[in-house]
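Dear colleague,

Please find below the structure that I am handing over to you. My findings follow it.

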Number of protein chains: 2
Amino acid sequence: MRYSSRMTGRPRTFDKDAVLRTAMHAFWERGYDGVSVAQVCGEAGIAAPSLYAAFGDKKALFEKACALYTEHLDEDLERDLSAPTAREAVERLLRSSAEHFTASGQPPGCLVMSEPRLAERRDRTRDMIRARLRRAATEGELASTAEADGVAAFVDTVLAGMAALARDGADRARLLDAARHAARTWPA
Amino acid sequence: MRYSSRMTGRPRTFDKDAVLRTAMHAFWERGYDGVSVAQVCGEAGIAAPSLYAAFGDKKALFEKACALYTEHLDEDLERDLSAPTAREAVERLLRSSAEHFTASGQPPGCLVMSEPRLAERRDRTRDMIRARLRRAATEGELASTAEADGVAAFVDTVLAGMAALARDGADRARLLDAARHAARTWPA
DNA sequence: GAGGTTGTTTAATGTGCGTTACAGAAGCAC
DNA sequence: GTGCTTCTGTAACGCACATTAAACAACCTC
């Protein structure tokens with residue numbers, strides 16, 4: 001047996017990306033524990049061994065689904081936070097999050113926020129928000145680092161809360177209302 | 001067989017209330033799906049048939065645990081909302097919630113907020129908050145019913161967010177920080 | 001065509017779950 | 001003591017789950 005070049009073999013009969021999107025939607029909607037491998041197979045129209053061959057076990061599938069989910073999310077986060085002022089950055093983040101949490105054709109809420117297993121990723125997001133606000137403190141937009149951390153805790157809270165409300169069926173207008181009220185907080 | 005008076009039989013060897021508290025803690029910490037009947041039995045030190053005889057099946061046990069949890073919670077909510085002004089009511093609610101979500105000797109966060117199955121109870125809480133704020137609109141403390149509903153959506157968001165942050169390990173100071181910033185929102 | 005590699009299908013594996021049958025133990029009334 | 005009732009302990013039930021073994025099918029290279 002040689003390791004020269006990849007052998008071809010029988011071609012896959014399903015769209016791997018489509019199956020991953022299906023799995024991502026399922027985890028997003030019902031969480032890791034709320035989704036069985038058999039359910040993903042049923043929704044994707046493939047048998048279990050095909051899924052295992054393509055993605056590994058359930059945990060690996062979940063991680064790949066999360067990677068797909070956070071791919072666009074991280075881009076959006078960085079775009080919003082790169083606004084010239086922290087105030088604008090926060091306003092953009094809250095608004096775009098409200099929109100994302102209530103996007104049609106997708107489950108309400110946020111996979112990262114809802115899934116207990118993704119606490120580490122939530123921490124990373126919060127680190128980025130805090131970093132942006134601390135920068136605002138050094139630039140004089142906020143009074144101090146402590147003030148920046150307080151605003152960061154508040155923004156984290158509103159983000160998590162909007163995701164929770166969306167999951168409970170709140171519509172986009174309600175979330176945008178909450179985001180608008182949150183923006184009033186900004187220290188004058 | 002007569003239905004006259006209750007027969008005595010062998011007395012129970014465990015403290016029913018203590019077992020229910022144990023179950024409540026378990027559900028609070030790990031959610032309905034994250035808790036098995038066997039785990040509750042192990043933590044409570046009783047066998048499954050004893051638990052089933054005392055509380056019924058898992059769903060009934062969960063409902064009784066929730067009733068125990070919300071018993072004190074509803075009292076606190078009504079106490080906070082009965083403050084003379086809506087602003088003070090909201091400030092009290094946010095502060096006491098932050099404290100409850102980080103109380104020592106109890107799991108962090110909130111059983112009602114974390115458990116997907118309790119959406120109805122969350123709705124009831126939100127109805128009470130909205131009702132208090134609409135009252136403030138009729139009393140002239142807020143500009144309009146629409147304004148009251150906006151503030152209510154914001155308060156709902158902050159409450160849910162604080163519970164989520166607490167679950168992720170945020171300490172009491174951080175939650176109180178968020179609550180304090182949220183109070184700044186109040187329309188002047 | 002033969003040989004090799006990979007995908008599919010069916011059926012099975014083992015594990016943990018919620019739940020219960022059953023036999024014995026512990027109390028009360030008489 | 002004998003009845004009656006209720007609780008306890010062990011062991012089992014059926015089911016859903018994640019995962020895989022084994023046989024077959026489809027493609028490539030030669």
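I begin with the surface near DNA strand C, whose residues divide into 14 nonpolar, six polar and five charged. Please bear in mind throughout that this is a predicted model. In total, 25 residues surround DNA strand C, and the closest are M7(A), G9(A) and R10(A) from chain A, with R10(B) and S36(B) from chain B. Three elements each supply two or more residues to this surface: helix 3 (48–55) of chain A, and helix 2 (37–44) and helix 3 (48–55) of chain B. Helix 3 of chain A gives the most, with four residues.

The next point concerns the contact between the protein chains. Here 25 residues of chain B are in contact with 25 residues of chain A. On the side of chain B that touches chain A, the elements giving two or more residues are helix 7 (119–138), helix 8 (145–167) and helix 9 (172–183) of chain B. Helix 8 of chain B provides the largest share of that side, namely 13 residues. By class, the side of chain B that touches chain A comprises 13 nonpolar, five polar and seven charged residues.

How are the two copies related? Two copies of a chain are related by a rotation about an axis and a shift along it.

Lastly, I draw your attention to a pair of helices within chain A. The axes of helix 5 (residues 86–101) of chain A and helix 9 (residues 172–183) of chain A come within 9 Å and cross at roughly 165°. Angles over 145 degrees count as roughly antiparallel, and helix 5 of chain A and helix 9 of chain A are therefore roughly antiparallel to each other. The crossing of helix 5 of chain A past helix 9 of chain A is right-handed. From helix 5 of chain A, the residues E91(A), L94(A), R95(A), A98(A), E99(A) and F101(A) meet R172(A), L175(A), L176(A), A179(A), A182(A) and A183(A) in helix 9 of chain A. This contact of helix 5 with helix 9 in chain A has eight nonpolar, no polar and four charged residues.

With kind regards

Conventions. Residues are numbered from 1 along each chain as its sequence is written. Chains are lettered from A and ligands numbered from 1 in the order in which they are written. This is a predicted model: local features need pLDDT of at least 70, side-chain atom pairs count only at pLDDT 80 or more; totals for chains, interfaces and linings use all residues. Axes are lines fitted to C-alpha atoms, for helices over the stretch in contact, and angles run from 0 to 180 degrees between N-to-C directions. Angles under 35 degrees count as roughly parallel, over 145 as roughly antiparallel, 65 to 115 as roughly perpendicular and the rest as oblique. A crossing is left-handed if the near helix is turned anticlockwise from the far one by less than a right angle, and right-handed if clockwise. Two residues are in contact if their C-beta atoms, placed from the backbone, lie within 7 Å. Ala, Val, Leu, Ile, Met, Phe, Trp, Tyr, Cys and Pro count as nonpolar, Asp, Glu, Lys and Arg as charged, and the others, Gly among them, as polar. A residue is near a molecule or strand if its C-beta atom, placed from the backbone, lies within 6 Å of it.
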